[in-house]
Amino acid sequence: MRIGFAGLGAIGTPMAARCAAVHQLAVWNRTAERATEFAKATPGSRQAISPRDLAEGADAIITCLPTSAQVEALLEGPDGLLAGMTQGSILVDCTSGDAATSRRIAERLATLGIAFVDAPLSGGPPLAIQGKLTVMCGGSPADVERATQVVAPFAAKVVRMGPVGAGHAMKAANNALLAANILTLAEALVTLAKAGIAPRDAVDVLNASSGRSFVSEVLIPDRVLSGTWPRLFRMALLEKDIGIFHDLAGEVGVADPVLGFSREQCRALRAALGESADYLDPIRVAEQAAGVELRG
Ligand code: NDP
């Protein structure tokens, strides 16, 4: 397949690298230098000079940007994606975006005979490198089947959640739970540390007990207890995701008092920590407030 990939960020870069090993790949990035470096370092890839250039001759376009609004903004204009995309091609949007914007994008593309699937991911850069991401899709069964072929180089599990927007809904709920889990676990572990319990012991017992989670089993031991704190996913993006969930709950008329409160906490943390903070930095904030460090 001829694939055009837009968005060489923390997770887009390893996804694109997996694609280059299997498909003919063109890459475009807003900051052109990142695409230049990628194309130099990645055999089988070329740098596109515009979204239009990226789309010309492509069977499928993959986008992986912070928000759906940014994907939508890439479509129009003389150098936009739609100036290059051809009838019968497909846009697979791996952004963790919002359903309403994606439905609008899908309608616009349908007028041109172009398919659209929202295909947000779970797994993070380490699993992207291994080609083991989970992809949750929204679109018609036939379009999702096509998208499955497109994402195959970086996906271990691809699931159709429903029509366009359903992938985004699923992803937003997952990340709302992730955010709440990070915040609540930080409170619990810092409290235990202050009460004199060694952080490693607390995490070990939690992970053999019913309060455990992905955060306690993987993220805390690998990144916090070890003190390595790799920067793999921006706090700003997690705050965006829990905000999408909160809006969805409002749209369907469900009260979300607990996740809604977590959303407010995430908002405040994003404002305090800035746009480049990592999603585990709230744990540092809890450590500093309590005067303890979760290491060991
Ligand atoms: P990054 O912030 O690392 O990268 C964002 C990418 O989008 C960059 O290539 C950036 O270009 C580009 N970009 C930003 N704004 C615009 C714009 N207005 N127009 C065009 N391009 C733009 O994000 P990630 O790679 O971490 O995340 C990408 C998406 O994947 C997000 O929706 C995120 O929520 C989701 N995701 C991320 C995961 C992770 O672990 N990192 C895991 C699962 C999902 P530039 O280089 O110019 O800044």
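At what angle do α9 and α12 pack, and how far apart are their axes? In this predicted model, the two helices pack at an angle of about 115 degrees, with 8 Å between their axes. Their crossing is left-handed. On the α9 side, the contact is formed by H168, A169, K171, A172, A173, N175, A176, L178 and A179, and on the α12 side by L238, D241, I242, I244, F245 and L248. By class, the residues of this contact comprise 11 nonpolar, two polar and two charged.

Helix α12, which spans residues 235–252, also packs against α13, here at an angle of about 150 degrees and with the axes 9 Å apart. The two helices are therefore roughly antiparallel to each other, and α12 passes α13 in a left-handed crossing. From α12, the residues in contact are M235, A236, L238, E239, I242, G243, F245 and H246; from α13, they are L259, G260, S262, R263, C266, R267, L269, R270 and L273. This contact holds nine nonpolar, four polar and four charged residues.

An α-helix has 3.6 residues a turn, so residues three or four places apart point the same way. In α11, the buried residues are V215, S216, L219, I220 and V224. Viewed down the axis of α11, these residues fall within an arc of 115 degrees, so they line one face of the helix. The face turned away from that buried side carries F214 and D222, both exposed. The buried residues of α11 pack against α9, α10 (199–206) and α14.

Just beyond α11, G227 takes a positive phi of about 75 degrees. W229 is found in the loop between α11 and α12. Phi of W229 is near 45 degrees, a positive value in a residue other than glycine. Most residues other than glycine have a negative phi. W229 counts as partly exposed because 13 C-beta neighbours lie inside 10 Å, whereas a residue is buried if 20 or more lie within that distance.

Helix α14 covers residues 281–290, and P282, I283 and A286 are buried in it. Seen down the axis of α14, the buried residues fall within an arc of 105 degrees, so they line one face of this helix. They pack against α9 (166–194), α11 (214–225) and α13 (257–273). Q288 also lies in α14, but Q288 counts as exposed because it has 11 C-beta neighbours inside 10 Å. The C-alpha atoms of Q288 and V190 are separated by 9.6 Å, although the two residues are 98 apart along the chain. α14 is followed by G291, whose phi is positive, near 75 degrees.

A83 is partly exposed, with 16 other C-beta atoms within 10 Å. Apart from residues up to four places away in sequence, A83 touches R52 and P78. Between A83 and R52, the separation is 31 residues in sequence and 5.5 Å in space, C-alpha to C-alpha.

Methods
Residues are numbered from 1 along each chain as its sequence is written. This is a predicted model: local features need pLDDT of at least 70, side-chain atom pairs count only at pLDDT 80 or more; totals for chains, interfaces and linings use all residues. A residue is buried if 20 or more other C-beta atoms lie within 10 Å of its own, exposed if 12 or fewer, and partly exposed in between; C-beta atoms are placed from the backbone. Helices (H or I, at least four residues) and strands (E, at least two) are DSSP runs, numbered from the N terminus. The arc is that of the directions from the helix axis to the C-beta atoms. Two residues are in contact if their C-beta atoms, placed from the backbone, lie within 7 Å. Axes are lines fitted to C-alpha atoms, for helices over the stretch in contact, and angles run from 0 to 180 degrees between N-to-C directions. Angles under 35 degrees count as roughly parallel, over 145 as roughly antiparallel, 65 to 115 as roughly perpendicular and the rest as oblique. A crossing is left-handed if the near helix is turned anticlockwise from the far one by less than a right angle, and right-handed if clockwise. Ala, Val, Leu, Ile, Met, Phe, Trp, Tyr, Cys and Pro count as nonpolar, Asp, Glu, Lys and Arg as charged, and the others, Gly among them, as polar.
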